[in-house]
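Please read the report below alongside the sequence and the model. It takes the annotated segments, the sheet, a hairpin and the chain contacts in turn.

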Amino acid sequence: MSADFLYGIEVVINGLMAGVMYALVALGFVLIFKASGIFNYAQGVMALFAALTLVGVMEGQVPFSHLINAVFGTEIHHFGWTVPAFAAILVTLGVMIFFAWAVHTFVFRHLVGQEPIILFMATIGLAYFLEGVGDLMWGSDIKTLAVGLPQGGSLFVEDLTAGLGGDDFYGFFIDKLDMVATLVAIVLVAALIGFAQYTKQGRAMRAVADDHQAALSVGISLNYIWVLVWSLAGLVALVAGVMWGAKSGVQFSLSLIALKALPVLMLGGFTSIPGAIVGGLIIGVGEKLFEYMIGPMIGGATENWFAYVLALIFLVFRPQGLFGEKIIERV
Amino acid sequence: MKDTVDSYVTDDGRTIGGVMMDMRGITLRFGGVEAIKDISFDIREGEIRAIIGPNGAGKSSMLNVISGFYHPQEGEVWFRGEKRPPMKPYQVARQGIARTFQNIALFEGMSVLDNIMTGRLTHMKSGMLAQALWMGKAEREETENREAVERIIDFLEIQAIRKTPVSRLPYGLKKRVELARALAAEPKLLLLDEPMAGMNVEEKEDMSRYILDVNDEFGTTVALIEHDMGVVMDISDRVVVMDYGRKIGDGTPSEVRNNQDVIDAYLGVAHD
């Protein structure tokens, strides 16, 4: 095997893992869109907010400390304790579930039956509101997320594959964090699919996604299911926030990963969980390979736009995405 | 005889009990349009009660009032001796009232079996955590519910299509699956909105037989809307006739058939 070919394989593997990270964000979109027809622009901010909350709880930061200090003239910033990662994740999950309940109760319950564009606008408002709350609660400085996830390249894989293509090949460089993220994503997706397929709540969730009227007639409370779905999206946001936060630090630009999920959804379809995964992988691999093979010829930095061009091509030839339901309007 | 609250035995040997559902002075308006005008009638335990009338008479609206999809501006709904507060449809379903829809509302993306299993949701009690972790009680419950569903699948003779996605089924079978889903809830009261609409003669006969069997074997009270007069007169114990939102007749099929208002509504009145 030539070294070039092996480098190509390395690029594909890294692309797949980057794709998993995109898929994690896209998954949250799909859950909410399927069950309620809401395109949740705030999904990226939810991931940011979850990561901020996790760091804040772990470090024993006092929420709204700047606000409290400004109003009462105090000087408190920390409780003076630290919380172990596991407990902090549970607390954050609780916060995300509370957020899910609040979003549904105060916003979307009053917008049931409205035009999709109105629901979409509401999520844009929600995104900026949540970003502001995150800032106010935890401050706007960049934080490191140290939940004990491994960092850096895997020496094990590097040693194992060194010399495959001759002496000038030093082995695959695979990021350990990416490997963990892939594992976590596989577990998460398996758990979500298992939940949807085999539990009472999962069955009710699929029922609501399919037909509201029929769901009501078999005794399903739509409000309950919508809170459940937003909670699951919050869980997905937490996982995505942890992974992205560990990779590039918890900073406010994290909310922009939502924009990376858009082309993934256009490829995979807005209503399909497998679609979100496959779409994420295609975009991850596609943009890495394109950069590796075509990039040098056209001056590089193709990763910034490749996904969107691919999505545009899909919009023209297959607007429902790879796995999306075909839209047929009866006349 | 049938105006008394006491139970009585029909000619074919079924026992009809006291009043189960009592609609008192129901008026339903949509904006300025009165879909239902001050209608009262009751449904008794164990009977097959039909609501008939020309198109636009307000029959479906009445069924939607019973199942909680519409809320009347005036009137009271009494169920099993208690006045019912305004309820959401899912709360009505949990009280033991199941229904089918005129235009079939099935979960198109799910298999027949999954669709019917959703009918069991009101019977599942174990909590979300137990469900998610699939622990003892939840597993037992799932098995019990599967058995109940299998009995209904046998009863309605749809074994062959258990695993088929609903979207691939022909119309007649969809209607039957929808009935199966409603039956899976083991309802006290079963509401059927035009269960035979769009069916051929053979399918209508099958459906009539199923409705009679459900009523006979499970003792389920049935209220149905139907256009096919022959079928209605054959299978129902009592019939309410509606026209332009008003009740114009109420009684046994033979009483209704000889009611002049009913004849006029169906055949038109000669204006001379």
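How much helix and how much strand does chain A hold over residues 179-199, and how far apart are the end C-alpha atoms?

## Basis of the model

This is a predicted model, in which local features need pLDDT of at least 70 and side-chain atom pairs count only at pLDDT 80 or more, while totals for chains, interfaces and linings use all residues. Residues are numbered from 1 along each chain as its sequence is written, and chains are lettered from A and ligands numbered from 1 in the order in which they are written.

## Annotated segments of chain A

Over residues 179-199 chain A is 95% helix and 0% strand, with the end C-alpha atoms 30 Å apart; helices (H or I, at least four residues) and strands (E, at least two) are DSSP runs, numbered from the N terminus.

## The open sheet of chain B

In chain B, six strands form an open sheet of mixed pairing, in the order β8-β9-β10-β5-β11-β12, where two strands pair if DSSP finds at least two bridges between them. The edge strands, β8 (97-99) and β12 (246-251) of chain B, each pair on one side only, and the twist from one strand to the next averages 15°.

Within chain B, β5 (residues 48-52) and β11 (residues 238-243) pair in the parallel sense over four bridges, and B:Ile51 has B:Val240 of β11(B) as its bridge partner. Helix α1 (residues 59-66) of chain B packs on the sheet, touching β5, β8, β9 (189-193), β10 (221-225) and β11 of chain B, and its direction makes about 150° with that of β9(B); axes are lines fitted to C-alpha atoms, for helices over the stretch in contact, and angles run from 0 to 180 degrees between N-to-C directions.

## A hairpin in chain B

Strands β3 (residues 19-30) and β4 (residues 33-44) of chain B pair in the antiparallel sense over eight bridges, with B:Val33 of β4(B) as the bridge partner of B:Phe30. Two residues lie between the strands of this hairpin, in which B:Gly31 takes a positive phi near 60°.

## Where the chains meet

Contacts (C-beta atoms, placed from the backbone, within 7 Å) link 26 residues of chain B with 19 residues of chain A. On the side of chain B that touches chain A, α2 (89-94), α3 (112-118) and α4 (128-133) of chain B each supply at least two residues, and the largest share, four residues, comes from α2(B).

Technical notes. Contact = placed C-beta atoms within 7 Å.
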